[in-house]
Amino acid sequence: MMGLIDSLKCGEARFSPGHFDLIVIDEAHRSIYKKYQAIFEYFDCLLVGLTATPVRK
């Protein structure tokens, strides 16, 4: 996705900022958020991050 939001097809962006209504991120750890932050900032939609990492107390 990182390559697609920056590239053009026939002179136009492949995805507009409003292309998606919802983005679901699997394994949305803090490190993943930092790595793909440009995607989350580009699209104007709801973002749902999920992770199955257990809580250790």
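Reader: Thanks! What pattern does the chain follow, read along the sequence?
Author: Read that way, the pattern is α-β-β-β-α-α-β, with three helices and four strands in the chain. Helices (H or I, at least four residues) and strands (E, at least two) are DSSP runs numbered from the N terminus. A word on the source: this is a predicted model, where local features need pLDDT of at least 70 and side-chain atom pairs count only at pLDDT 80 or more, while totals for chains, interfaces and linings use all residues. Residues are numbered from 1 along each chain as its sequence is written, and side-chain values use heavy atoms, with hydrogens and water left out.

Reader: What radius of gyration does the chain have?
Author: The chain has 14 Å, whereas a compact globule of 57 residues would be near 10 Å. That radius is taken over C-alpha atoms, and the globule rule is 2.2 Å times the number of residues to the power 0.38. Along its principal axes, the C-alpha trace spans about 55 × 20 × 15 Å.

Reader: And how much of the chain is buried?
Author: Buried residues make up 12% of the 57. Buried means under 20% relative accessible area, exposed over 50%, and partly exposed in between (1.4 Å probe, protein chains only).

Reader: Is strand 3's pairing with strand 4 parallel or antiparallel?
Author: Parallel, over five bridges; two strands pair if DSSP finds at least two bridges between them. Val24 stands opposite Val48 in strand 4.

Reader: Which residues make the nonpolar surface patch?
Author: Leu22, Val24, Leu46, Val48 and Leu50 make a patch of about 450 Å². Strand 3 (22-26) and strand 4 (46-50) each give two or more residues to this patch, and strand 4 gives the most, with three. Like charges are joined within 9 Å, and nonpolar side chains (Val, Leu, Ile, Met, Phe, Trp, Tyr) within 5 Å.

Reader: Switching topic: how many aromatic pairs are there?
Author: A search of the whole structure finds four. One of them is Phe15 with Phe20, a tilted pair at 5.4 Å centre to centre and 35° between the planes. Rings of Phe, Tyr and Trp (its six-membered ring) pair if their centres lie within 6.5 Å; planes under 30 degrees apart count as stacked, over 60 as edge-to-face and the rest as tilted.

Reader: What about Phe15 and Phe43?
Author: That pair is edge-to-face, 6.4 Å centre to centre with 70° between the planes. Phe15 sits in the loop between strand 2 (12-13) and strand 3, and Phe43 in the loop between helix 3 (37-42) and strand 4, 28 residues apart.

Reader: Is Phe43 buried or exposed?
Author: Phe43 is buried, because its relative accessible area is 4%. Phe15 is buried too, at 16%, whereas Phe20 is partly exposed at 26%. Ring pairs link Phe15, Phe20, Tyr42 and Phe43 into a cluster.

Key:
Patch = residues over 30% accessible without salt bridge, like charges linked within 9 Å, V, L, I, M, F, W, Y side chains within 5 Å. Areas by Shrake-Rupley, 256 points an atom, 1.4 Å probe, with all protein chains shown as cover. Salt bridge = Lys/Arg side-chain N within 4 Å of Asp/Glu carboxyl O.
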